[in-house]
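Here is a short note for a colleague opening this entry for the first time. Please read the points in order with the structure alongside.

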Amino acid sequence: MQMNAPAPRNAIDENRQGLIGKPIDRVDGRLKVTGKAPYSHEVQEGGPAAYGFIVDATIARGAVAAIDTAAAERAPGVLLVMTHKNAPRQAQWGPLDTPDRYARASPQLGSDRVEHYGQAVAFVVAQTVEQARAAARLVNVRYAPEATELELERHLGQAEKPPEQFGQKTDSYVGDFDAAFAAAAVKVDSRYTTPFEVHAQMEPHATVAYWKDGKVTIHCSAQLLKSAQKAVASTLQISPSKVRIVSRYIGGGFGGKLPIYGDVMLSAMASRQLGRPVKTALTRQQMFHFTTHRSNTIQRIRLGAGADGVLTAIAHETWSHSARFDNFFENASMQTRSLYAAPNRLTTHRSVKLDLPISDSTRAPGEAVGMMALEQAIDELAEKLAIDPIELRLRNEPAKDPELGVPYSTRNLVGCLQEGAKRFGWAARKAKPASTTDGRWWVGMGVAAATRGNLLMPSKCLVALDRNGTLTVRMAMTDIGTGSYTVFTQVAAEMLGLPMERVRMELGDSEFPDTPGSGGSFGAASAGSGLFDACTQLRAKLARRLGVDVAAASFEGGRVSGASRSDSLAALAGAVGLEATGEVKPGTMAKQYSQQAYGAHFAEVGVNMDSGEVKLRRMLGVFAAGRILNDKMARSQATGAMIWGVGSALFEDAVLDPRFGCFVNNDLAGYHVPCHADIPAVEAHFLQEVDDKTNPLKIKGVGELGVCGAGGAVANAVYNACGVRVRDFPITLDKLLSGVGRLTGE
Ligand code: MOS
């Protein structure tokens, strides 16, 4: 099926068994908490594994002048030491202009060049992980370092306009921004900076690779199985049919597992050479440089409005970095194209090539940091206008997408703001900062909008009903902790009228029908729609077997009934069972309607009068994101993402050492993400919404929505609490202290 028209009323709308929307526990929950869900590194398959350990570069740019592996080779248990001198031939890096950046060839140890700190310069394989790690320290590398460029601020002069990314143009211009801004009665012109961030998933990247009959099986932690398969195939210059990627359980993706990395390629090459499985995990420290990160950003936002608060001009410009050999940019201005009305508009992205590891998608690339800036700018404008920040947003609500000129599929930002205000007690907020105290704490409230683009990607699915009436679903789809296993089980069970226990959800294997995987918050919508189509085909087959028109058939309690006939799915499947395949493709709906999910964040923080310490006191997100498949799963996604937002606003900061091109706080002790003590009551609530323009399930992506704007609400609450506006994230106490001192007169 293709989304060329609004989805008609269907079995998901009917929801006869009531499974859709129900807050059902994770179907894989028991396996996970009992340790029976093997993550990549725990997989034992293909024989006894040897263990790999990566030796990473300690310079940011230059060449390996000499590498001495003799001591490592003599070390106990060592089976192989691979360097650029003896690594198998691989494809060149890239190409850069490929439509799928995650399917690019990424050779390892391909030459003596060092392009960033932490790049692999050698790979040691031994009988045990301890032996491999010990021997890795014996590899002696002499570098010929070269001059580096590492700092965004210092090299802004070299900023270039990068090519469009993920199908979105780099810049946009509507009307005459400059003239309108110059003429505006009230203006904001603010500059914001956000730091380097890393994904900080719980599960480190790990691979087990082995070969059999010329085909490599790779268990690794990958969000996108098909892209990973293509990346391995093109790197090793073999057919994709000779590569099988398996990722059954993934301990957090967050964008950091959209690409695959050298642990995969090196394990695959070494395994072929040694004729046995090779298992390699990255250390947490290695992850900071060997995998991707979010670029730091510089953002300038200009808002021009009349005294009535109606925006006449809006501009959002973002500067970020890419690795010198790459072309990624942090698309932080993107949401500004559709969030607020204004006749004159400008959004740009500029990128500076630096000698740093690859910057890439990280936890809502673009919006996560873009909205920390934009939603603070709106707050600044509200203060200048003396208009409540919610009211200001209501006054700038567009009737249609202001840049695309098409209607929104559904858009309920207004409902989210209003419902949130009621639930949060917004009326109690005092507009004047530093007006509320609680002991030695100033207390403030902040609000921000949330929005994230909704996507539908091509996806396929196979469903097979056996003689016992059990349905097996197969998709090359992943569950990165989002609840895919669970929501797809709900969809399949509801479509076929089966209890949840009679559905076996098999995901995580590239041999299964193609899906786009998990990324860009498109997973549930895309793979779920492919599944919907497969179930629709199977329903038709079952109705035909029963001899009734499918439109008149009902599927409930493991039976198909209609026209005074009824039979069980098991009987109808027959001795050999019954299969169906399905497929979804995006269509004209994606162009005829502007599709986003929306929300509103409310935060209350305390700022300590003596120390400047910021403490989140409570937080609420209200979202309108289409139909919700599972209220528990969706709330878990939303609150998790809101906590990312808190981390982004208050803690996260990968600190670059500009002498060496490395992040110095490269572990989870030094790189702060919120811990339990930082997070009090964080709640998420979903408004009723059904969007028939998006996909047959009428859902929207929720994975990353919760972080979009969350940090902005926290920042606005900090300002409301103490009157100090910090535009340089994260908002740490040192940046508040001078202002706090001024207020207390101490
Ligand atoms: Mo998400 S950063 O698109 O995996």
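**A buried asparagine, a helix and a sheet**

1. The side chain of Asn695 reaches the backbone nitrogen of Lys698 at 2.8 Å. A second polar contact, at 3.4 Å, links the side chains of Asn695 and Thr694. (A polar contact is a pair of N or O atoms within 3.5 Å; within protein, one must be able to donate a hydrogen and the other to accept it, and residues adjacent in sequence count only if both atoms are side-chain atoms.)

2. This is a predicted model; local features need pLDDT of at least 70, side-chain atom pairs count only at pLDDT 80 or more, and totals for chains, interfaces and linings use all residues. Residues are numbered from 1 along each chain as its sequence is written, and side-chain values use heavy atoms, with hydrogens and water left out.

3. Where does Asn695 sit? It is in the loop between β29 (681–686) and α17 (710–722). (Helices, H or I of at least four residues, and strands, E of at least two, are DSSP runs numbered from the N terminus.) Asn695 is buried, at a relative accessible area of 0%. (Buried means under 20% relative accessible area, exposed over 50%, partly exposed in between, with a 1.4 Å probe and protein chains only.) Leaving aside residues up to four places away in sequence, Asn695 touches Met3, Ala7, Leu456, Ala525 and Ser529. (Contact means heavy atoms within 4.5 Å.)

4. Helix α17 is mostly covered, with 13 of its 13 residues buried. Gly723 follows α17 and has a positive phi, near 80°.

5. Seven strands form an open sheet of mixed pairing, in the order β3-β5-β1-β12-β9-β10-β11.

6. Gly52 has Thr280 as its bridge partner in β12. Helix α4 (residues 129–136) packs on the sheet and touches β1, β3 and β5 (120–126). The direction of α4 makes about 25° with that of β1. (Axes are lines fitted to C-alpha atoms, for helices over the stretch in contact; angles run from 0 to 180 degrees between N-to-C directions.)

7. The mean pLDDT of the chain is 97, and 100% of its residues reach 70 or more. (pLDDT is the predictor's confidence in each residue, from 0 to 100.) Confidence in the chain is lowest in helix α18 (residues 733–744), at a mean of 82, and highest in β5, at 99.

Notes. Pairing = 2+ DSSP bridges.
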